[in-house]
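Subject: Structure handover

Hello,

Here is the structure I promised to pass on. Please open it next to this message; my notes follow below.

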Amino acid sequence: LNFPALVIREADYGENDKLLTLLTAEKGRMTVLFKGGKSLKNRNSASSQLLSYSEFTVKERGGFYTLSEAALIQQFFELRSSLDRFALSQYIADVCGEVSVENENGYETLSLALNTLYMLCRSDVDTDFIKAVFELRCMALNGFCPDLSSCPLCGTVVYHPDLNRPEGEPMYPKGKMPSVRKGSKWPLIFLSAAFIIPMLVVFLCDLQLGGNISWSTYVMGAI
């Protein structure tokens with residue numbers, strides 16, 4: 001068998017061998033025995049590393065696959081220059097390994113994984129954005145895509161306020177215009193009363209004791 005595949009997992013097997021988990025377009029997830037995979041001198045080591053996209057040639061015997069040859073297509077070497085991006089790429093590989101199934105078509109999952117890894121190699125794209133897009137697309141491929149067109153509780157259609165609506169069409173659904181929440185006036189009333197009442201008391205005391213306004217102006221000025 002000859003096919004391109006992405007290495008999404010690798011595990012030690014015995015003293016010298018490795019077990020590779022491959023994500024393929026035609027057979028989905030595959031487990032392949034890589035004999036002598038621990039040896040650095042093995043000619044297939046570079047093309048069989050984690051996150052390597054290579055052309056694999058395998059032999060099948062009794063339902064088990066053994067690696068014969070691998071030719072590197074893409075290694076995504078740029079991911080190793082950033083710890084955050086490399087960690088996210090391994091997360092993507094783990095998710096793809098969980099959602100893919102053996103002996104079933106895995107073209108869309110493989111395409112999603114490769115496109116996401118390509119985007120991670122670009123340092124100008126935010127990793128949180130890439131992760132969110134990957135997870136949403138992965139959910140959609142597996143039948144768990146959330147309905148973002150309307151509210152699941154009241155059914156209100158969701159309009160994006162930053163997108164231009166057709167001429168004459170309102171920005172918000174009828175009767176769903178967002179209300180501007182006004183702040184409470186009570187704190188302002190309380191503060192005003194805290195200043196006015198003492199000033200009024202001082203003014204009345206000055207007027208009643210002296211018959212005119214004299215010293216109360218200094219006190220009110222201080223307040």
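A word on terms before the findings: a residue is buried under 20% relative accessible area, exposed over 50%, and partly exposed in between (1.4 Å probe, protein chains only). The model is predicted, so local features need pLDDT of at least 70 and side-chain atom pairs count only at pLDDT 80 or more, while totals for chains, interfaces and linings use all residues. Residues are numbered from 1 along each chain as its sequence is written, and side-chain values use heavy atoms, with hydrogens and water left out.

The sheet

Helices (H or I, at least four residues) and strands (E, at least two) are DSSP runs, numbered from the N terminus. Two strands count as paired if DSSP finds at least two bridges between them. Angles run from 0 to 180 degrees between N-to-C directions, and axes are lines fitted to C-alpha atoms, for helices over the stretch in contact.

Look at S2 (residues 17-24) and S3 (residues 29-34). These strands run antiparallel and are joined by 6 bridges. Leu-23 stands opposite Arg-29 in S3.

The helices

Contact here means heavy atoms within 4.5 Å.

How do H1 and H3 pack? Their angle is about 5 degrees, and their axes are 11 Å apart. That makes H1 roughly parallel to H3. The cut-offs: under 35 degrees is roughly parallel, over 145 roughly antiparallel, 65 to 115 roughly perpendicular, and the rest oblique. On the H1 side, the contact includes Leu-88, Ile-92, Val-95 and Cys-96. On the H3 side, Ile-130, Lys-131, Phe-134, Glu-135 and Cys-138 are among the residues that make it.

Cysteines

How many disulfides does the structure hold? The count is 0, with a disulfide being a pair of cysteine sulfur atoms within 2.5 Å. The sulfur of Cys-138 is 5.9 Å from the closest cysteine sulfur, in Cys-96, so it is too far for a bond. Cys-138 is buried, at 6% relative accessible area.

Salt bridges

A salt bridge is a side-chain nitrogen of Lys or Arg within 4 Å of a carboxyl oxygen of Asp or Glu. Searching the whole structure gives 3 of them.

- Arg-9 and Glu-98 meet at 2.9 Å, N to O. Arg-9 lies in strand S1 (residues 2-13) and Glu-98 in helix H1 (residues 83-99), so the pair ties together parts that are 89 residues apart in sequence. Arg-9 is partly exposed at 27%, whereas Glu-98 is exposed at 61%.
- Glu-10 and Lys-18 meet at 3.5 Å, N to O. Glu-10 is partly exposed at 36%. Lys-18 is buried at 18%.
- Glu-135 and Lys-131 meet at 2.8 Å, N to O. They sit 4 residues apart in helix H3 (residues 127-141), separated by about one helical turn. Glu-135 is partly exposed at 24%, and Lys-131 is partly exposed at 30%.

Best wishes
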